[in-house]
Amino acid sequence: NPGLSPEDEADPDLDGTPNFESRFDTGIDEYGIISILSSLVDQGLLRGFVAHKQQKLAILGSKNFGGNAVAAGFPAVWGVIGKKGGEGGVVGWKT
């Protein structure tokens with residue numbers, strides 16, 4: 001099983017982070033992360049997909065944004081919500 005196990009070490013980039021002993025101190029496991037990412041994809045707030053076998057997040061269209069995966073993968077939240085609101089604008093916003 002390629003999933004996380006208690007023997008896994010924390011990312012070396014996190015060394016020196018205050019109050020951080022290991023990745024398990026966050027209380028979020030791999031299934032929680034997959035759930036959050038899948039929810040963002042479903043809502044249109046993340047352009048990509050979760051490759052379960054490879055345990056990776058694939059961002060779509062980064063070549064169209066000059067290789068900038070952040071710009072390609074994370075559209076402006078107000079734009080996504082505004083499109084869902086239809087002609088009436090964003091649901092719950094006063095206009």
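1. In β2, Ala58 is the bridge partner of Phe49, and Gly48 stands opposite Ile59 of that strand. The two strands, β1 (residues 48–51) and β2 (residues 56–59), pair in the antiparallel sense over four bridges, where pairing requires that DSSP finds at least two bridges between the strands. Helices (H or I, at least four residues) and strands (E, at least two) are taken as DSSP runs and numbered from the N terminus.

2. This is a predicted model, in which local features need pLDDT of at least 70 and side-chain atom pairs count only at pLDDT 80 or more, while totals for chains, interfaces and linings use all residues. Residues are numbered from 1 along each chain as its sequence is written, and side-chain values use heavy atoms, with hydrogens and water left out.

3. The hairpin of β1 and β2 has four residues between the strands, and Gln55 is found in that loop. Gln55 has a positive phi of about 55 degrees although it is not a glycine, and with a relative accessible area of 40% it is partly exposed. On the scale used here, buried means under 20% relative accessible area, exposed over 50%, and partly exposed in between, with a 1.4 Å probe and protein chains only.

4. Lys56 is found in strand β2 and counts as exposed because its relative accessibility is 56%. Leaving aside neighbours within four places in sequence, Lys56 is in contact (heavy atoms within 4.5 Å) with Phe49, Val50 and Ala51.

5. From C-alpha to C-alpha, Ile34 and Gln55 are 8.9 Å apart in space and 21 residues apart in sequence, and the corresponding values for Lys56 and Ile34 are 9.4 Å and 22 residues. Ile34 itself counts as partly exposed, at 23% relative accessibility.

6. Helix α1 (residues 30–43) also holds Ile33, which is partly exposed, with a relative accessible area of 43%. Ile28, Ile33 and Ile36 make a nonpolar surface patch of about 260 Å². Patches are made of residues with over 30% relative accessible area and no salt bridge, like charges being joined within 9 Å and nonpolar side chains (Val, Leu, Ile, Met, Phe, Trp, Tyr) within 5 Å; a salt bridge is a side-chain nitrogen of Lys or Arg within 4 Å of a carboxyl oxygen of Asp or Glu.

7. As to its geometry, α1 has 14 residues and reaches 20 Å from its first C-alpha to its last, close to the 20 Å expected at 1.5 Å a residue, the expected span being 1.5 Å times one less than the number of residues.

8. For the chain as a whole, the secondary structure comes to three helices and two strands, and from the N terminus on the elements run α-β-β-α-α. Of the 95 residues, 16% count as buried, and residues 24 or more positions apart account for 30% of the contacts with a separation of 6 or more. The accessible surface comes to about 7600 Å², of which 56% belongs to carbon and sulfur atoms; accessible areas come from the Shrake-Rupley method with a 1.4 Å probe, and for residues only the protein chains shown count as cover.
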